[in-house]
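Please keep the sequence and structure in view while reading.

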Amino acid sequence: MAECMDMICFQIIGNDISVSMGVQAGQMELNVMNPVIIHNILESIVLLNNYIPVFIDKCISGIVADEAKCAGYLEKNPSIATFLDPHIGYMKSAEIAKEALKRNMSVKDLVIEKGTLSKADVERIFDREFLIGKRKSDKK
């Protein structure tokens, strides 16, 4: 199913290139390329309209994320050290990220272990609800 979606996307990309070139080839507001432009746009719409419901039904429906595993990936991702920048500065955050990666531990745990920030501060800074904008900062 996914390979079929790839083929459809490749066809649509080809159609888009053809449309773009057809638009560029128009002279003096008289575009003799309108038939190929319209054909390729309509073909792309038909391909998506016919295949997306099948793809959803046969491939996407029923997929459930493993929230615990995803949370673990997030915890171990050294890039979350960027959220520390306003609190401890860029250089210190970069050092923490590198060390966390080297030691295969979470940035949060490393910051607490080093005593750079308190556990309460770390929990507030890395609160997922706050990071995605669902909750406002408690900071005054």
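## The tilted pair

Tyr 51 is buried, at a relative accessible area of 9%. Buried means under 20% relative accessible area, exposed over 50%, and partly exposed in between (1.4 Å probe, protein chains only). Phe 55 also counts as buried, with 14% relative accessibility. Both residues sit in helix H2 (residues 34–60), 4 residues apart, about one turn of the helix. Helices here are DSSP runs (H or I, at least four residues), numbered from the N terminus.

The model is predicted: local features need pLDDT of at least 70, side-chain atom pairs count only at pLDDT 80 or more, and totals for chains, interfaces and linings use all residues. Residues are numbered from 1 along each chain as its sequence is written, and side-chain values use heavy atoms, with hydrogens and water left out.

A pair of aromatic rings is described by the distance of the centres and the angle of the planes. Rings of Phe, Tyr and Trp (its six-membered ring) pair if their centres lie within 6.5 Å; planes under 30 degrees apart count as stacked, over 60 as edge-to-face and the rest as tilted. The count is 2 aromatic pairs. Tyr 51 and Phe 55 form a tilted one, with 5.9 Å centre to centre and 35° between the planes.

## The edge-to-face pair

Phe 83 and Phe 126 pair edge-to-face, at 6.5 Å centre to centre and 85° between the planes. This pair links distant parts of the chain, 43 residues apart. Phe 83 is in the loop between helix H3 (67–76) and helix H4 (85–88). Phe 126 is in the loop between H7 and helix H8 (128–131).

How accessible is Phe 83? Phe 83 is partly exposed, at 35% relative accessibility. Phe 126 is buried, at 6%.

## Two nonpolar cores

A nonpolar core is a set of buried Ala, Val, Leu, Ile, Met, Phe, Trp, Tyr and Cys residues joined through side-chain atoms within 4.5 Å. The largest has 15 residues. Phe 126 and Ile 96 are among those with the most contacts inside it. H5, helix H6 (107–114) and helix H7 (119–125) each supply at least two residues of this core. Apart from it lies another core, of 5 residues, including Tyr 51 and Phe 55.

## Arg 103

Arg 103 lies in helix H5 (residues 90–103). Its relative accessible area is 39%, so Arg 103 is partly exposed. The side chains of Arg 103 and Glu 113 are joined by a polar contact of 2.9 Å. A polar contact is a pair of N or O atoms within 3.5 Å; within protein, one must be able to donate a hydrogen and the other to accept it, and residues adjacent in sequence count only if both atoms are side-chain atoms.
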